[in-house]
Amino acid sequence: MTAEQVDEVTRGPFDFDIRGSMRRGLLLGLGLVFISLAGLPIGLDTRILIKPVLSLGYLSLIWLPFISGWASGTETVLDGVATTKRGARDLVRGGLVGLIGGACLSLLVLLMNWFDLRDPLVNWAPPLSAILQFDRSIAFGVLVWPLLSAVLSCAGAGLHIITPKIRSATLSAVLFTLAMAIFETFIVDVADFLDDKLYGQNGGLTVMSAIVVACLAFTVSAIGLGRRVATARVNYQQSTGKTKASQTTMLIAIAAITVVVVPMITGKITQELFANIGIFLLLALGLNIVVGLAGILDLGYVAFFAVGGYTTAVLTSPNRGPDWPSWVPTLPWWGALLVTIAISGLVGLFIGAPVIRMRGDYLAIVTLGFGEIIRILFLSDWLNGYFNGAQGITNVPPADFGIIQVKGTDPRSVFYLVLVFAAISIYVSWRLERSRVGRAWMAIREDESVAEAMGVNTVNMKLMAFVVGAILASFSGAVFAAKVGSIFPTSFLILVSIIILVVVIVGGMGNIIGVIVGSIVLIGVLGGPKQPGLLAEFSQYKLLIYGALLIWMMLRRPEGLVPNVRRSRELHQEEFLQDAWLRGEIDDDANTEEVDS
Amino acid sequence: MTTAMRGSGAGRTNVDRFLTVIKVVLIGVIVIGLLAFIAQQISPGNGFAKWTHDGEAASRLTGAQFKGLVVSGLSQGAMYGLIALGYSMVYGVLGFINFAHGEVFMVGAFTGFIMANKFDDAGWWDGAIFIPAVLITILTCTLVAMATAVIMERVAYRPLRGSPRIIPLITSIGVSFFIQNAVILLFGAGAKSYPSNPDWLQDARTLGVGSFHIVSLKGTQIVVILVAAASMYGLWHFVERTKTGKAMRAVAEDKEIASLMGINVNRTIVTTFAVGGAMAGIAGILWGLLFRSVIATTGFLPGIKAFTAAVVGGVGNLGGAMAGGVSLGAAEALAPLTLLEPLGVNGVSQLRDAVAFTLLILVLLVKPTGLFGERLSAEDRA
């Protein structure tokens, strides 16, 4: 069946689902009110993006009407059904959504002046009022928000009207300018000379430089550089055999040189950031094997990180608990690493064996329980003589490799050490994924019973996933111990497991590139459980954002930013089969069977 | 069950042997611990006690202490049971663990705090007027928790119906994370203290016949146990005796056939979430009355433990959930002092949570269907 060409229909500017749009507007309003009361505008206001026009606090509010406006104009395009001609109608609809959303915020401004609800709501206070009123009168705040929101929402909806070329150019101009402003610390760290030229005195782009940057991005996008990159990507994906192999080698070489060279020219902050990204990348690569490839939802993954960290600390630190028998030696770091690997592997077996026969959701809770048990044991008075309880094990010596010492005060050395382990982990994951074992894991992920029927030893394979995951996590734990120089039970909360899970899921379950992208984007920008990212101001809000991101990804794009082809087919099986059916590739009777399953 | 089939079909593997060892060790610890406890009660200075306690005699647990542990275990267990009902019902109907159910409980406890605080400011949290005030508070908590559960279903779970099972589970982790941190940002991260209960509620009372004291209970503990029992009865009546309850059971059994019988599956699922949420809300305010403190992370551990309770009692089985909750509460309160302490473990009260999780593992290893058997839908049994 081929798509019939149907003409566009022209409809009047008010001919749309008004009630639906009003509901959307109310949702937008709820979102705005929630963001305000959660304190994002106050907490982020100190970070200036474009001086003196825009701060991160205001950005946390105004992005929402823009996106809502864009979303209000999105229409499902169906084969054979006439699409509506874009035009004034979209603008009116976007404006309505924005107007209602902004009105909700105005209402909040009024309510905040009439009532005092500070008792339960901590942010119901003058600072928030001041921000919502732009430091002016109440009337100003009440009038400006609906207007501003409507304009932004109109602009968002307007993106549907302009031609794709201009749209992408505009978007890249806006996004690039924002990125330049948001990543100020990083950019200044890498290229110091830009500091005076681009940024104002207390941070933030100056208006002039913002305009210059935006124009630059607009022109670059308009002359088609973006499209050329996209074409190159498609070419690479479609190439086969020798060409592809050589292109892959080249890409890997470029990436390798970049990651090796960049930390040499950057300052300490960036190096620290890279080291943190690396530590979490190691964890995410390990969890990717367990969750992404074998489909086992392990929520206690932090247990292996903890075991790795504690084993290394016990074997290297002079301050380990007093109860250790004298035959437990004090080793140099690399010696301890070997023991750590062995012990984590054993712990992986020990935790894996009881849980692998359980149903998927039981398994999740039980692994979570193991994660907590291990943390509680490290914390307890019972084993105080071994692990020092809440005081933790301090004085973990740096990892000494003769030429360089890897320690926390020299984040660059940590980064290079992590890089070595990351390279090993990536290579191992990559080889495993394409091996018999990897195929067995994927078979188990898709359907365990079928995999078993096909002769896969599911028990051994799942155990193996656990052990490999545990060993990769223990690398991270060992590096973490050397980096921080001390190990506390509070570094190993369940939170860590969940953040790593978000990294893997947002990046793309089962895809190594995806996991790398996920770690860089999430840990780099938002930060780890305790480690700040580029947006250090986000530290209070990052867990909320992680939660929201997890829900949003699961609802909209469960396959992640960089999807694994096979995994995304599993997740969208129904749509995939429907498409195939529409194209006439599946006949009716076979289809009903498969859709049911 | 598939486990049984695999066990018989594939022969004993190393994993099976390892699991047997774990089971034997865990049960052995329980038996030896109990024996040591009994020996220690009879003679605190016996050889084993001296050996485990570095040469000193163990301390005996008095009858009053023991009863106190049982009562606090039971009242806490009653709350676990109430939360567990929500897990159990949702698992029965939708077949996935609603990880965020613990947060519904927390929202209930938080609403209770806000209401109680406002009533206290108005001088209503004392004397005779306390009773209508607390009833209004319980009602509000129930409604707010219900609304939270329903919105959760609408926003996060309904769009995912029919996707692979792991997806709604991961989503519910996200929901849990989101609610927790939203509450921290909206209401502040510190612990919130409930106003003090009126004396007549807080005071300990002795139950007994004549001069024979059976047990001494705090007023709040009596309230908790009574309210939990009443809610449990109400729920049982709702599920077993009303038309909506019948629809719920039908949907749990088989969604497709239920819809063919003219049952509105969507509405039934929403009802399930609402009822589960209501139970969690009641548990929340009871928690507040009993411990008089709530923090945004309050929901996490009780949530996980309530799930444990649901598994212990048999998922999908409402009576089982309540019984599981009570036994988990009792085990958690008693086991550290009666099993671990006699074995010479020090700082046992820190290990409560570990005891609960170990119990979960043990039950899943020994009897995965729980004490009273699972009631799962047709799809789950397959």
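Start at the meeting place of domain 1 and domain 2 of chain A, where 1 residue pair is in polar contact, both partners at pLDDT 80 or more. Keep in mind that this is a predicted model. If you look for salt bridges between domain 1 and domain 2 of chain A, the count is 0.

Next, colour chain A by domain: select 1-161 for domain 1, 249-563 for domain 2 and 565-597 for domain 3. The contact you began with draws 8 residues from domain 1 of chain A and 6 residues from domain 2 of chain A. Zoom out, and you will find the C-alpha centres of these two domains 40 Å apart.

Helix α2 supplies 3 residues, the largest share of the domain 1 side that touches domain 2 of chain A. Colour that side by class and you will see 5 nonpolar, 2 polar and 1 charged residues.

For a last stop, go to helix α4 (residues 88-114) of chain A and pick out A:Ser106. Is A:Ser106 buried or exposed? A:Ser106 is buried, because its relative accessible area is 5%, below the 20% cut-off. Show its neighbours too: leaving aside residues up to four places away in sequence, A:Ser106 touches A:Gly141, A:Val142, A:Trp145 and A:Pro146.

Note on methods
Residues numbered from 1 in each chain as written. Chains lettered and ligands numbered in written order. Predicted model: local features only at pLDDT ≥ 70, side-chain atom pairs only at ≥ 80, totals over all residues. Heavy atoms only, no water. Helix = DSSP H or I, 4+ residues; strand = E, 2+ residues; numbered from the N terminus. Buried < 20%, exposed > 50% of the residue type's maximum accessible area, 1.4 Å probe, protein only. Contact = heavy atoms within 4.5 Å. Domains from an automatic or database assignment. Salt bridge = Lys/Arg side-chain N within 4 Å of Asp/Glu carboxyl O. Polar contact = N/O pair within 3.5 Å; in protein donor to acceptor, adjacent residues only side chain to side chain. Nonpolar A, V, L, I, M, F, W, Y, C, P; charged D, E, K, R; others polar.
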